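I opened my notebook to look up a few things in this structure. My entries follow the display.

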Amino acid sequence: GLIFYDTKVTVMNRVLNATVQRTADHAAPEITLDPLEIVGGEIRSSENSYFCQAARQLACVPSSQLCVKLASGGDPTYAFNIRFTGEEVHGTSGSFRHFLWQVCKELQSSSLSLLLLCPSSAVNKNKGKYILTPSPITYAEEQLFHFFGQLLGIAIRADVPLPLDLLPSFWKTLVGEPLDPDVDLQEADILTYNYVKKFENINDETELEALCAEIASQHLATESPDCPNKPCCKFTYLTMTGDEVELCPRGRHIPVGWENKDVYAAAIRSLRLRELQTPECMTAVRAGLGAIIPLQLLTTLTPLEMELRTCGLPYINLEFLKAHTMYQVGLMETDQHIEFFWSALETFTQEELCKFIKFACNQERIPFTCPCKDGGPDTAHVPPYPMKIAPPDGAAG
């Protein structure tokens, strides 16, 4: 926490450029995606998604081939080229950016099961934020998590921010920071957090009975074996994916009473924290990321800085964009139509600005910082900078 973010990024960029493994004289790997496989708006099956099509084709490409030098001015060196079946595209930049955008959309939809909408979303807290799906993974899913980690590294090297909305607990676990049992539980699953708090704050047995009766009315409890009419909870709870699990051996047969209510509350809390850390999934993601960038870099970054470096900011800073715009021959910032252009953009909502950026360069977010502001030797612009505004092609008008 004692080092400025920009300083860390400078060090990080040097390390990334020193660990390049594919040089200019090696052709980039190429993959072919078929847009018709995902036609109809809804992805028919996850195997047809761009994410799975790409994972299958890149499975036999050595990771070293994807470790390219950092973007510096103009278009970056992309980890791989993308060809869309039946489409003629000039250059590789647009299709690569479109691919990353589409893949983030797929990851945050029901078509792929790698990410899960956080339970708090259901009650309008952290709406639209995702976590890794906490469930035992198959070998095939492990490969997909590995590829997801590679994509994070690929986006960092290409400096194309990914439009991913993940909870802070994901970034904490990724950089190896412990989770906060209160804050992170509340962010991810406020209902469980409140449930646990109720048990922790009970003062006497009467309150406990009343709470068990309230829970019984919501069908979460059963009757006590000793007193058939007295409702009680058992040592079980629902996982984030909706399965009922025992919180301890033979938990289904252990009623929650005054003596063990705190043990019960602590067991639910640790179940949720374990689900947020998803060690099996996270190990695969980190392995994928480590194949593209040295994992030692993560030790200097806070979770928020890692998110900024990978995903940028979810809004467009118009002043920043203006400062990184180049006018081609014959145009000046003071031309009337250029002034009209900027004043039109100033009336846009954030959603419209994202659409404008998507239209201009096929990605929704712009990088968070740009080395050119230092005026040092690294004065190259970071893609998609500079934004270029050119006169019309025709002579007239």
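Entry on terms. I call a residue buried under 20% relative accessible area, exposed over 50%, and partly exposed in between (1.4 Å probe, protein chains only). A nonpolar core is then a set of buried Ala, Val, Leu, Ile, Met, Phe, Trp, Tyr and Cys residues joined through side-chain atoms within 4.5 Å.

Entry on the source. I am reading a predicted model, where local features need pLDDT of at least 70, side-chain atom pairs count only at pLDDT 80 or more, and totals for chains, interfaces and linings use all residues. Residues are numbered from 1 along each chain as its sequence is written, and side-chain values use heavy atoms, with hydrogens and water left out.

Entry on confidence. pLDDT is the predictor's confidence in each residue, from 0 to 100. I noted a chain mean of 85, with 87% of residues at 70 or more. Residues 221-228 are one of them, with 18 contacts (heavy atoms within 4.5 Å) beyond four places in sequence. Residues 375-379 also stay under 50, and there the model has three such contacts. Where pLDDT is low, the predicted coordinates should not be read in detail.

Entry on the whole chain. I found 14 helices and ten strands. These are DSSP runs, numbered from the N terminus: helices are H or I with at least four residues, strands are E with at least two. The chain has 397 residues, and 46% of them are buried. Of the contacts with a separation of 6 or more, 65% join residues 24 or more positions apart. The chain exposes about 20,000 Å², and carbon and sulfur atoms supply 55% of that area (Shrake-Rupley method, 1.4 Å probe; for residues, only the protein chains shown count as cover).

Entry on the cores. Which residues touch the most other members of the largest nonpolar core? I got F51, F80, F99, F148, F170 and L174, in a core of 59 residues. Helix α4 (residues 139-158) gives this core its largest share, ten residues. I then followed F148. Beyond four places in sequence, F148 touches F51, L107, L132, L164, L166, F170 and V285. A second, separate core has 18 residues, including L208, Y237, A267 and I268.

Entry on K261. Is K261 buried or exposed? K261 counts as buried because its relative accessibility is 5%. I placed K261 in helix α9 (residues 261-277). A polar atom of its side chain lies 3.3 Å from the backbone oxygen of F199. Outside four places in sequence, K261 is in contact with F199, E200, I202 and V256.

Entry on N13. N13 sits in helix α1 (residues 5-18). Its side chain makes a polar contact with the side chain of R309, at 2.9 Å. A polar contact is a pair of N or O atoms within 3.5 Å; within protein, one must be able to donate a hydrogen and the other to accept it, and residues adjacent in sequence count only if both atoms are side-chain atoms. Beyond four places in sequence, N13 touches L70 and R309.

Entry on phi. Most residues other than glycine have a negative phi. N124 has a positive phi of about 65 degrees. N124 is in the loop between β3 (115-117) and β4 (130-132). At 57% relative accessibility, N124 counts as exposed. D159 also has a positive phi, near 55 degrees. D159 lies in the loop between α4 and α5 (168-175). At 14% relative accessibility, D159 counts as buried.
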